[in-house]
Amino acid sequence: MDEVQYSDVLQRLKEGSQKRDPRSVRLAAVTSALVEVVEGDDVTAAKVYARTVTALEGILFSETTSLTESLATQVALLELLATTLPFVTPTAIVSASLTLTSRVLRGVITASQSVSIEGSTMETKDELGGANAALRWTCKAATEVLKRLDGRQKNVDEKVIQQLLLGTLITCMEDRRPKVRKAAQNGVIEVLVMEEPHRCHSAVRKAVSSYAHAEIQKRTESKQNDSLGDLLHLLGFLDRAIPYLAYQKLGSDIMELATALFQVEESTSSMDFVSVKVGQATPKVLVISSSLSVISSLLENTDPERKDVLDGFAPRVLASLIQAKPSLIFRRGYAEFEILQKGRTVFGQALLSACRRVLSSKMDLGAKLLPLSVQMILSIATPNDDESEKNSTVAETLLVELTQLFRESLTSFIQSGAPGLDKCLNDCLHSMQQVISPSFLPSTSISLNCLAVLVQQLWQSPQVPEIIEGLIQCRKESAGDSSSQQAIDDAFSSIVQGVGIEVFWDWIQWNPDSAKTAAGGEHPKLILLLFCSICFLTALFHTLCGRYSTGPGLYSTYNEGCR
């Protein structure tokens, strides 16, 4: 950014963006006063930066003005500093003055937090700013300082960078005020995601990774239920930031935490968060959900540089989730209903993310774990109480993702010829027959579509005719339920399109006794429906090609067959 651009920005600050806003008026006054102090006519960003840091230092160590009285001025100076830093050139100026800038910004954090502790108001009476605003603008200024440090240069002491980071952004990440905490988290992520030409300094990644590792270990070892709230804030941050940190180490930490939380021991102390009693488990379920959400985000990362590490991490995640007991943690009454539903959904998504990586990278292991994964998904997706309509949202979400897994990963997995492949696929097909049961009625359309996709992939399996017969019987038993019948018809249509009418025709188990029943029997009706559908689609194809037009007789035949 050149000085001409900064002069325009400085002019807008001096004029004030909103004449009636007291903060804007104070910022304009402070900017004008500071510019007058700058020596010479050439007002550069570097000079304003140096004067602003000096002014902040003077306020912090002033013996005549209290910190509470100077909060409004501090906020204006911090905003000016954060606005000026992106224009400071060369960046070596920021590196050379980092020690002083770090000490000043850390001093502002300490002073602002002490003001809050002493019981002063969060905002000044004239609404010009207070401790809350000072903390947020300090986070912004610290972020801009860290962004100006070139990660390719080694001329800056890493300890100074870590002191700045720990004393400002990481300190505010632990603040109880949501706005302050959010400003700090956004600042850290903004620094971490930097790319060329100014990459994030390695000291920042090391410091944040070490902090997150220490916090997770401390909370896990303390086993205090009241520590879960702090973990939620940290996990929410890691959900976005973990790919840019020491993800292998942190991923293992988070999985160890989740595994410990899945342990249910009702006989131990209620203060042990690994075994919280029924009625006290809402924080526990929230932490499990947040932990698995972080794991899902990590496993879904597509960066080629991280592929080998994540491919090695996925089997451990998958094995841990299969061995877990989600039915105990997510059982009805253990926590609030919506929280349990979210937990079940996130658990299934994490399991499917791990399974997808295993199928593409370690196929011999995938042959062993895929059937268990399918069983686990169907288990947590099955509605387990009377509120089936609400429960169906979990089944719909997970079965859609399971369908996507079958479509994207199963073809290459089948072609791999991994040991135990045939048994694996037969077990999967056997497990998927559960979706024909009445427990999946609230999500019939999605569940049967998932089954249809698997049948298309495994159409040569000897179990397929049995599945087709089960669908026919299910349609027969769902008389009067038009939505269920339509879902079954759609599944038949999808299978026919995938394997062809001749293959499908051979699957139907002809029973002479049932064929002699009333003309409205299910087999004759299905045959008429399929025949008329094929005729209709054939005629429609020729019509689109312009060969001839369909007449009303064909449409009426199709509609009659559907009835």
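Predicted model: local features only at pLDDT ≥ 70, side-chain atom pairs only at ≥ 80, totals over all residues.
Reader: What makes α19 roughly antiparallel to α20?

Author: The axes of helix α19 (residues 421-432) and helix α20 (residues 444-457) come within 10 Å and cross at roughly 155 degrees. Angles over 145 degrees count as roughly antiparallel, and therefore α19 is described as roughly antiparallel to α20. The crossing of α19 with α20 is left-handed, and the contact is made by Cys 428, Leu 429 and Met 432 of α19 together with Cys 450, Leu 451, Leu 454 and Val 455 of α20.

Reader: How do you know which classes of residue make up the contact of α19 with α20?

Author: Cys, Leu, Met and Val count as nonpolar, so the residues of this contact divide into seven nonpolar, no polar and no charged.

Reader: Why is α21 called roughly antiparallel to α22?

Author: Helix α21 (residues 464-477) and helix α22 (residues 482-499) pack at an angle of about 155 degrees, with their axes 9 Å apart. Because the class roughly antiparallel takes angles over 145 degrees, α21 is roughly antiparallel to α22. Their crossing is left-handed. On the α21 side the contact involves Ile 468, Leu 471, Ile 472, Cys 474 and Arg 475, and on the α22 side Gln 485, Ile 488, Asp 489, Phe 492 and Ile 495. By class these residues are seven nonpolar, one polar and two charged.

Reader: What makes α14 oblique to α17?

Author: The axes of helix α14 (residues 307-323) and helix α17 (residues 363-381) come within 10 Å and cross at roughly 40 degrees. Roughly parallel requires an angle under 35 degrees, and roughly perpendicular runs from 65 to 115, so α14 is classed as oblique to α17. Here too a helix pair has a left-handed crossing, in which Pro 315, Leu 318, Leu 321 and Ile 322 of α14 meet Leu 365, Leu 369, Leu 372, Ser 373 and Met 376 of α17. The contact has eight nonpolar, one polar and no charged residues.

Reader: How do you know which classes of residue line the second largest pocket?

Author: This pocket, with a volume of about 290 Å³, is lined by Leu 192, Val 193, Met 194, Glu 195, Arg 199, Arg 205, Pro 243, Tyr 244, Tyr 247, Asp 303, Glu 305 and Arg 306. Tyr and Pro count as nonpolar, as do Leu, Val and Met, whereas Asp, Glu and Arg count as charged. The lining therefore has six nonpolar, no polar and six charged residues.

Reader: Which residues does the cis peptide bond join, and where does Pro 90 lie?

Author: The cis bond joins Thr 89 and Pro 90, with omega about -10 degrees, and Pro 90 lies in the loop between α4 (71-84) and α5 (92-96).

Key: Residues numbered from 1 in each chain as written. Heavy atoms only, no water. 1 Å grid on protein atoms, 1.4 Å probe; cavity = no way out; pocket = protein on both sides within 12 Å on 5 of 7 lines; lining within 4 Å. Points joined across faces, edges and corners; volume = space filled by probe spheres on them. Axes fitted to C-alpha atoms, helices over the stretch in contact; angles between N-to-C directions. Helix = DSSP H or I, 4+ residues; strand = E, 2+ residues; numbered from the N terminus. Left-handed = near helix turned anticlockwise from the far one by under 90°. Contact = heavy atoms within 4.5 Å.
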